[in-house]
Amino acid sequence: MLRLAVLALLAFMTLPTVVVVAVSFNPTAILSFPPTGLSLRWYVNVVTYPQFQRAAWNSLLVTAGAVALAMPIGTAAALGLARGRPRAASLWATVLLSPLVVPGVAAGLGFLIVGAALGLLRSRSVLIAAHVALVLPFVVRSAWVSVRNLDPTLERAAASLGATPWRAFRRVTLPLLRPGLLAALLFAVIVSLNEFVVSLFISTRLTEILPVAMFTYVVNYTDPTIAALSTLFIVGTFLIVWLADRFLDLGGVFLHHR
Amino acid sequence: MARAVVELAGCTRDYGGIRAVAGLDLVVYEGELLSLLGPSGCGKTTTLNLIAGFVPPTAGRVRIDGQDVTDRPAHQRGLGVVFQSYALFPHLSVWENVAFGLRERRTPRAEIERRVRAALALVRLDTRAEHRPAQLSGGMQQRVALARALVYEPRVLLLDEPLAALDKKLREEMRGELREIQRSIGITTIFVTHDQAEALGLSDRIAVMRGGRIEQLDAPREIYERPATRFVAEFIGASTVLRGRATAPDRVALAGGEALRVLGVNGLRAGEAVELAIRPERIRLAREMGENALDGRVTGVVYQGVQTELTVEIGGGQRLLVFVAEPAPAALAPGQAVRLHLPADAFIRLGPEEAGR
């Protein structure tokens, strides 16, 4: 009985993925399950569809830009939170983590209004800014944990040995924060690549990122192309996580615990 | 007179309304090992942090070699510091830990090589250069920390309870080793500890601290044999404090009525109230009644192998701590009547407690 319940739960958890992956190999243009055959034609369609190519490029730029900004900001914030006055820290933590609780629709609307007022909606800058705000909570959280595990006397030791504050940060603090920061980076990349709701509000046909392009595609067409792209997305994400866990010493943040 | 190396002049440090160090004056001389000794919260670590430059003083000046360094940050003071937790860099090898200070000084590669090798040899860790700190025992980590702090030949070595994290036997070993290394290179050293045995055994001079001030600054023997205040007498070693009134320049009447002859204590004036301390190892068991002999009753017996600790109650409810060397001359048990002899030259007169404490 228990075994059955566990199996049911397992099926329930993985079903959406299984269905999407199966449908993506369907030779016919209908989103039917189970698939009637095996074909890669929708994958060819994904790769050759111009709007997807453009959106992939946009995704790359937006994610790279957002992560490049969010990492230093989030790390500095985490250091500040861990070392500043406790009361100020809790206030700042609330501000920095707020994107987690603000509904995407509200945030998207806000960014849309501000972006429109500034006349920036044609460029990717509003998208990048929004993604910075959205990934910051993940970066700050992850970095904060590492900073709190850091022995503050290590920096004093570095100072006593003649290291300037910047040198102490470079030679001691940063290397010791590395695993936490890599985890933060990974979170940030995944969150940014998958972000949809807020991005939908502030994208144009020229700046839209992949999830938004996929949505637009589904609204207009109902063939398994989107399932193929989803499958690629799933595989890509898994690959990133697996490689990171395997080769960057994350201390088993993701797949297993050492 | 030896040269002053470290000078604190009127140093005060407040932490949010709490005064950790209160107007401290201290001079540390060339080549000496000075201990800052006191219970936790007495300001000894804060004093060390003021010298190291980790915290700025709220008031007062810090001088090193006659130069005012009060406004100079820690990384420009060129001191060597060993921390209680050792604070070794866990991501660096033993070699890189020791080389850290030299690299910050842009020392040439060959020179780094030579000096690190010598420093590791000094602390007998030449074979562990490639290990990470976590792979070493506590005692070895301690020696790495020492090598790291000494390798660039700092002007002053600051040790913050460096032995506290070690177990007893290792601690005693390291104490000797530390003293030997300090002597051999003759470095001016300031040693923070709450362990009186450590301070007595290691130091040239001890500053006993309490409430952010120095209660007494003297050589270990002076501190032990002539504590200036009741606090010092009770913090360093064991002692019993007797209250009484002087009846003559060499006579004190205790509260219980017993009269004692007191020698070697200055400035007794008939009629004034005095506090006398006596070390438990100076009190003897006596057979006959005589000068400075007191009758009492044993209230506590603690056998300790090398000696037995007795608590004896005399007239007026005053209790005395007595160490009787083993083997004890007689069977001792609670309730037993004993006669004690308090040698006239064994008393220490305690200075009056400062007001406001």
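Modeller: Let us begin with burial, where a residue counts as buried if 20 or more other C-beta atoms, placed from the backbone, lie within 10 Å of its own, as exposed if 12 or fewer do, and as partly exposed in between. By that count, the buried residues of H2(B) are B:Val94, B:Trp95, B:Asn97, B:Val98, B:Ala99, B:Phe100, B:Gly101 and B:Leu102, and the helix is mostly covered, with 8 of its 11 residues buried. Helices here are DSSP runs of H or I with at least four residues, strands are runs of E with at least two, and both are numbered from the N terminus. This is a predicted model, in which local features need pLDDT of at least 70 and side-chain atom pairs count only at pLDDT 80 or more, while totals for chains, interfaces and linings use all residues. Residues are numbered from 1 along each chain as its sequence is written, and chains are lettered from A and ligands numbered from 1 in the order in which they are written.

Colleague: What covers the buried residues of H2(B), and which residue with a positive phi follows H2(B)?

Modeller: The cover includes helix H3 (109-122) and helix H4 (138-150) of chain B, where two residues are in contact if their C-beta atoms, placed from the backbone, lie within 7 Å. After H2(B) comes B:Arg106, with a positive phi near 55 degrees.

Colleague: How many residues does each chain bring to the contact between chain B and chain A?

Modeller: Chain B brings 16 residues and chain A brings 15. On the side of chain B that touches chain A, helix H2 (residues 94-104) gives the most, with 3 residues. That side of chain B divides into 9 nonpolar, 5 polar and 2 charged residues, where Ala, Val, Leu, Ile, Met, Phe, Trp, Tyr, Cys and Pro count as nonpolar, Asp, Glu, Lys and Arg as charged, and the others, Gly among them, as polar.

Colleague: How many helices and strands does each chain have?

Modeller: Chain A has 11 helices and 0 strands, whereas chain B has 8 helices and 20 strands. Of the 258 residues of chain A, 37% count as buried, and of the 357 residues of chain B, 39% do.

Colleague: What describes the packing of two helices, and at what angle do H3 and H6 of chain A pack?

Modeller: Two packed helices are described by the angle between their axes and the distance between the axes. Axes are lines fitted to C-alpha atoms, for helices over the stretch in contact, and angles run from 0 to 180 degrees between N-to-C directions. Helix H3 (residues 50-83) and helix H6 (residues 125-148) of chain A pack at about 40 degrees, with their axes 6 Å apart. That makes H3(A) oblique to H6(A), since angles under 35 degrees count as roughly parallel, over 145 as roughly antiparallel, 65 to 115 as roughly perpendicular and the rest as oblique. Their contact has 22 nonpolar, 5 polar and 1 charged residues.

Colleague: Which residues of H7(A) and H8(A) meet?

Modeller: Helix H7 (residues 153-160) and helix H8 (residues 165-194) of chain A pack at about 135 degrees, with their axes 10 Å apart. A:Leu154, A:Glu155, A:Ala158 and A:Ala159 in H7(A) meet A:Ala168, A:Arg171, A:Val172 and A:Thr173 in H8(A). By class, this contact has 5 nonpolar, 1 polar and 2 charged residues.
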